[in-house]
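Please look at the sequence and the structure below; the paragraphs that follow walk through a pocket and then through the packing of helices.

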Amino acid sequence: MSGAGSPTLNVDGTGLDIMVIAASWHDTIMNGLIDGAVRALDESGATHSVVRVPGSFELPVVARAALHDGADAVVALGVIIRGGTPHFEYVADAATSGLTTVAIETGKPIGFGVLTVDDEQQALDRAGLPGSTEDKGREAAEAAIATTRALTAIMR
């Protein structure tokens, strides 16, 4: 994580198996988010794989399966752009609530990298692409690792 006030995290992923689950809408943005997450995981020493799902709505069910199947953590990536209908609110709520429920149910972390934005430019600014001001894919991966380490520390 970067920027003023950002925390210092334990991002040693050695021995961890982390699955990146990424929605398929908005290829350029999603590719930036995935690249940021994968770079962070590579640098951390974690083993990882990437699975694509149709959209952000499908992230929770696949995250649940990955965590039940032995992944130590999940990095959930998606982008939901506000439109002129209530669809944005329904999908954003379903993805957020669903991922939260899965994390609590499994007791395993999910790095939340689902962008909920008003327009495509806001997503591009956060996607970790050249010219972006933020790298939310990297931040979500780092959060997943750091939370896994925090859970390990308290469960000794």
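**The pocket and the helix contacts**

In this predicted model, strand S3 (73-81) and helix H3 (87-106) each supply at least two residues of the lining of the largest pocket. The volume of this largest pocket is about 220 Å³, and its lining is made up of Trp-25, His-26, Gly-55, Ser-56, Phe-57, Glu-58, Val-79, Ile-80, Ile-81, His-87 and Val-91. Strand S3 gives the most to that lining, with 3 residues. When the lining residues of the largest pocket are sorted by class, they divide into 6 nonpolar, 4 polar and 1 charged.

Helix H3 also takes part in a helix contact, for it packs with helix H2 (residues 59-68) at an angle of about 15 degrees, the two axes being 8 Å apart. Angles under 35 degrees count as roughly parallel, and H2 and H3 are therefore roughly parallel to each other. The crossing in which H2 passes H3 is right-handed. On the side of H2, the residues that meet H3 are Leu-59, Pro-60, Ala-63, Arg-64, Leu-67 and His-68, while H3 brings Ala-94, Ala-95, Gly-98, Leu-99, Val-102, Glu-105 and Thr-106 to the contact. By class, the contact of H2 with H3 holds 8 nonpolar, 3 polar and 2 charged residues.

A further contact joins helix H1 (residues 27-44) and helix H5 (residues 136-154), whose axes come within 6 Å and cross at roughly 40 degrees. The angle puts this pair in another class, and H1 and H5 are therefore oblique to each other; their crossing is right-handed. From H1, the contact draws on Leu-33, Gly-36, Ala-37, Arg-39, Ala-40, Leu-41, Glu-43 and Ser-44, and from H5 on Lys-136, Gly-137, Arg-138, Ala-141, Glu-142 and Ile-145. The residues of the contact of H1 with H5 divide into 6 nonpolar, 3 polar and 5 charged, with Arg-39 and Glu-43 of H1 and Lys-136, Arg-138 and Glu-142 of H5 among the residues that make this contact.

Definitions and conventions:
Residues are numbered from 1 along each chain as its sequence is written. This is a predicted model: local features need pLDDT of at least 70, side-chain atom pairs count only at pLDDT 80 or more; totals for chains, interfaces and linings use all residues. Side-chain values use heavy atoms; hydrogens and water are left out. Axes are lines fitted to C-alpha atoms, for helices over the stretch in contact, and angles run from 0 to 180 degrees between N-to-C directions. Helices (H or I, at least four residues) and strands (E, at least two) are DSSP runs, numbered from the N terminus. Angles under 35 degrees count as roughly parallel, over 145 as roughly antiparallel, 65 to 115 as roughly perpendicular and the rest as oblique. A crossing is left-handed if the near helix is turned anticlockwise from the far one by less than a right angle, and right-handed if clockwise. Contact means heavy atoms within 4.5 Å. Ala, Val, Leu, Ile, Met, Phe, Trp, Tyr, Cys and Pro count as nonpolar, Asp, Glu, Lys and Arg as charged, and the others, Gly among them, as polar. On a 1 Å grid over the protein atoms alone, a cavity is a set of points where a 1.4 Å probe fits but cannot get out, and a pocket is an open set with protein on both sides within 12 Å along at least five of seven lines; lining residues have an atom within 4 Å of a point. Grid points are joined across faces, edges and corners, and a volume is the space filled by probe spheres set on the points.
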